[in-house]
Amino acid sequence: MTYAIRFHETGGPEVLVWEKVDVGQPGAGEARVRHTAIGLNYVDTYVRTGVYPASLPSGLGTEAAGVVEAVGPGVTDVNVGDRVAYSGGPQGAYSEERVMPADRLVVLPDGISDQQAAAMMLKGMTAQYLIRQTYKVKEGDTILFHAAAGGVGLIACQWAKALGATVIGTVGSDEKAELAKAHGCDHTILYTRENFVERVREITGGNMVPVVYDSVGRDTFSASLDCVAPRGLMVLFGQSSGAVEPINLSILAQKGSLYVTRPTLGTYAAKRDDLLAMAQDLFDVVLSGKVKVEVEVNQIYPLQNAAKAHQDLQTRKTTGSTILTL
């Protein structure tokens, strides 16, 4: 028997409970992983509250790092003793041990610690598909990234800057503005006291931007469209402020023949070859030093305190990446 964080009903952080679970042995195509560090992501709150439905009772979390303890028949992707990490697959990362589909596991290279991996797999792979695939950021681009001091934002802004882009980031406080500037943002906009559309117009000399990356959703989506240059792309990849209201598609014509997409990591990394290529791209840029993944000491929580971590995440007390440890 081992322990895991689970929930039997949807609701606030208080529904998360620490309880015994039976992990069992891996079957065909599976591996049992002993976790050393677990990633905390805003999407976990969507599952806990029922925004993203789960069969109850349920585990939680889809990102972690650890060591392979056993493999089932037919597994060739990983070996016992490998240090591995993952982002995706079934819920249940908030656990001491679990059985995972082996084809979702990525072997970690030397130079990437378990804590770094747990802090960056989902966020870093999200940044990868956003700026390397959904819209290929290139030298000379000016981009707008909402929540620039968040986990995805800090990675994506550094990466975009390394690619030669000018990065505009929105943040919620002066402290977060300083953090974003230290991680690739050329310009920061405090959306709590500035009109970000007007500031983008000012920064770009009225040209606006070819792409906006928005994980905030309802509170920013409509105004974000006004920041997109004609024939540009609006990328909605989250909804921390709530779901975006339905829109009349003719608005996209009125605002300059715009494009809108709602991508997910699950789609981009569905095939193992794509998963491995994305992970390698992420590992390479981190190992090069162009993107730094830092885990702040005050944002490492014991796994048993997952409820507190969720509370701090939803009340915007965290910045960058946060992990749960055992």
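Q: Two strands pair if DSSP finds at least two bridges between them. With that in mind, which residue in S6 does Ala64 stand opposite?

A: This is a predicted model, and the bridges are read from its coordinates. Strand S5 (residues 63–71) is joined to S6 by five bridges, and the two run antiparallel. Ala64 has Tyr86 of S6 opposite it.

Q: Which other strand do bridges join to S6?

A: That strand is S8 (residues 106–107), joined to S6 by two bridges and also antiparallel to it. The bridge partner of Ala85 in S8 is Val106.

Q: How many residues of strand S6 are buried?

A: A residue is called buried when its relative accessible area is under 20%. In strand S6 (residues 83–87), four of the five residues are buried, so the strand is largely enclosed by the rest of the structure.

Q: Where should I begin with the protein as a whole, and how many helices and strands does the protein have?

A: Count the elements, then look at the overall dimensions. The protein has ten helices and 16 strands. Its radius of gyration is 20 Å, close to the 20 Å given by the globule rule for 326 residues, so the protein is as compact as a globular protein of that length. The C-alpha trace spans about 60 × 40 × 40 Å along the principal axes. Of the 326 residues, 53% count as buried.

Q: Among contacts between residues at least 6 apart in sequence, what percentage join residues at least 24 apart?

A: The figure is 68%.

Q: How do I read a sheet, and in what order do the six strands of the open sheet come?

A: The order here is S11-S10-S9-S12-S13-S14, and the pairing is parallel. At the edges are strand S11 (187–190) and strand S14 (259–261), each of which pairs on one side only. From one strand to the next the twist averages 15°. For a close look at one pair, take strand S10 (residues 166–171) and S11, which are parallel and share four bridges. Ile168 has His187 of S11 as its bridge partner.

Q: Which strands does helix H4 lie across?

A: Helix H4 (residues 174–181) lies across S10 and S11, and runs at about 160° to S11. Helix H5 (residues 196–203) also runs at about 160° to S11; it lies across strand S9 (142–145), S10, S11 and strand S12 (209–214).

Q: In what order do the strands of the three-stranded open sheet come?

A: They come in the order S2-S1-S4, with antiparallel pairing. Strand S2 (16–21) and strand S4 (58–59) stand at the edges with a single partner strand each, so one side of each lacks a neighbour in the sheet. Six bridges connect strand S1 (residues 2–7) with S2 in the antiparallel sense. Within this pair, Tyr3 has Lys20 in S2 as its bridge partner.

Q: At what angle do helices H2 and H9 pack?

A: Helix H2 (residues 114–134) and helix H9 (residues 272–287) pack at about 105°, with their axes 9 Å apart. Angles of 65 to 115 degrees count as roughly perpendicular, and H2 and H9 are therefore roughly perpendicular to each other. Residues making the contact include Met120, Met121 and Tyr129 of H2, and Leu275, Leu282 and Phe283 of H9. By class, this contact has ten nonpolar, four polar and two charged residues.

Q: How do I describe a loop residue, and where is Ser240 found?

A: Ser240 is in the loop between strand S13 (228–236) and helix H7 (250–254). Its relative accessibility is 24%, so Ser240 counts as partly exposed. Ser240 and Ser215 are 25 residues apart along the chain, and 6.5 Å separates their C-alpha atoms. Setting aside neighbours within four places in sequence, Ser240 is in contact with Tyr42, Tyr46, Ser215, Val216 and Arg316.

Notes:
Residues are numbered from 1 along each chain as its sequence is written. This is a predicted model: local features need pLDDT of at least 70, side-chain atom pairs count only at pLDDT 80 or more; totals for chains, interfaces and linings use all residues. Side-chain values use heavy atoms; hydrogens and water are left out. Axes are lines fitted to C-alpha atoms, for helices over the stretch in contact, and angles run from 0 to 180 degrees between N-to-C directions. Angles under 35 degrees count as roughly parallel, over 145 as roughly antiparallel, 65 to 115 as roughly perpendicular and the rest as oblique. Contact means heavy atoms within 4.5 Å. Ala, Val, Leu, Ile, Met, Phe, Trp, Tyr, Cys and Pro count as nonpolar, Asp, Glu, Lys and Arg as charged, and the others, Gly among them, as polar. The radius of gyration is taken over C-alpha atoms; the globule rule is 2.2 Å times the number of residues to the power 0.38. Buried means under 20% relative accessible area, exposed over 50%, partly exposed in between (1.4 Å probe, protein chains only).
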